[in-house]
Amino acid sequence: MSLRQMQYFAVLAQELHFGKAAARLHIAQPALSQQIRNLEDRLDVKLLERTSRNVSLTRAGQLYFKRVQAILREIALAESDVQRLSQGVCGVVRAGYLTSAMNTFLPDAVKVFRETHPKISLDLRNICSHDQFSALANKELDVAFANPQGLRKESFHYCVFVDEAHVLAVPREHRLANLKQVPLSELDGEPLVTYHRHTSCKTMQYFYEFFKKAGVKPLVVQEAPLEQTILSLVAGGVGVAMVPSSCASQHKAGIVYIPFSDNAPKFRIAMIWRDEPPAPSLEKFLNTMHALALTKDRENLVQTP
């Protein structure tokens, strides 16, 4: 049995008249009759009762009509979904992000994208930069919002959306808490809470190189994988921490954020994707992110080829 035979039978079952059904199908009535006979022969079941005056469905025909209708609906839905997917109207975008990215314009951008592309699902995954690079390379992510330091740039495209200085987060009762600015030299021997060296190895390598050039040797007392954990440890008095200036927007109780008086390490978040033609749904996501970043008047936007 063919899809065409099922379509012919479905129209005939609706019309219960060979002439009207043939007209709807734009075929000759004898051709329709032959197709229905072939279908019955193939199934070895009588689907229609035919008289000189009317056509009716047998019990088997009624059951077959019900099942054929369901099959044809599924086929039509599949065709529609495939077309929508190819046009980027629907689909899934798997996006990795750093916790700190949620202190930027990204949450607003995600909201806008969901409103403008409701049929495209966003699978958001909170992952450190190093693991995002691996997931992108292994095609487990479609796009990443991560620190581009250590990225193999020949394999990816990226666009820097956030480029800001780090500040010093200290407990409210700390000796430095009342300073308007803090010199980097104050970190020499100071108990420091840092990112975990295994999950943020490039960031920590960057920090240590910066400290070395400044002749500073902080005392690392605790490592943590996420900024929220680091800030909680600072609020608890475990030590001080260097965090992106946008963390101040969290207004976490018990913490004071102090800018550095000298050049502080930069914090960057880039949107990163593979160096290959993007799927239509991903292309729409990338375009939305670019457009929203530009409308935010981000003059520090840096794009790579």
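The model is predicted, so local features need pLDDT of at least 70 and side-chain atom pairs count only at pLDDT 80 or more, while totals for chains, interfaces and linings use all residues. Residues are numbered from 1 along each chain as its sequence is written, and side-chain values use heavy atoms, leaving out hydrogens and water.

Start with helix 8, residues 227-235 (helices are DSSP runs of H or I, at least four residues, and strands are runs of E, at least two, numbered from the N terminus). Its buried residues are Glu 227, Ile 230, Leu 231 and Val 234; buried means under 20% relative accessible area with a 1.4 Å probe, protein chains only. Just past the helix, Gly 237 has a positive phi of about 85°.

Helix 8 also supplies at least two residues to the largest nonpolar core, which has 32 residues. Such a core is a set of buried Ala, Val, Leu, Ile, Met, Phe, Trp, Tyr and Cys residues joined through side-chain atoms within 4.5 Å. Phe 211 and Tyr 257 are among those with the most contacts inside this core.

Now for the rings, which pair if their centres lie within 6.5 Å (planes under 30 degrees apart are stacked, over 60 edge-to-face, the rest tilted). There are eight aromatic pairs. Tyr 195 and Phe 207 have centres 6.4 Å apart and planes at 45°, so this pair is tilted.

Terms used: Buried means under 20% relative accessible area, exposed over 50%, partly exposed in between (1.4 Å probe, protein chains only). Rings of Phe, Tyr and Trp (its six-membered ring) pair if their centres lie within 6.5 Å; planes under 30 degrees apart count as stacked, over 60 as edge-to-face and the rest as tilted.
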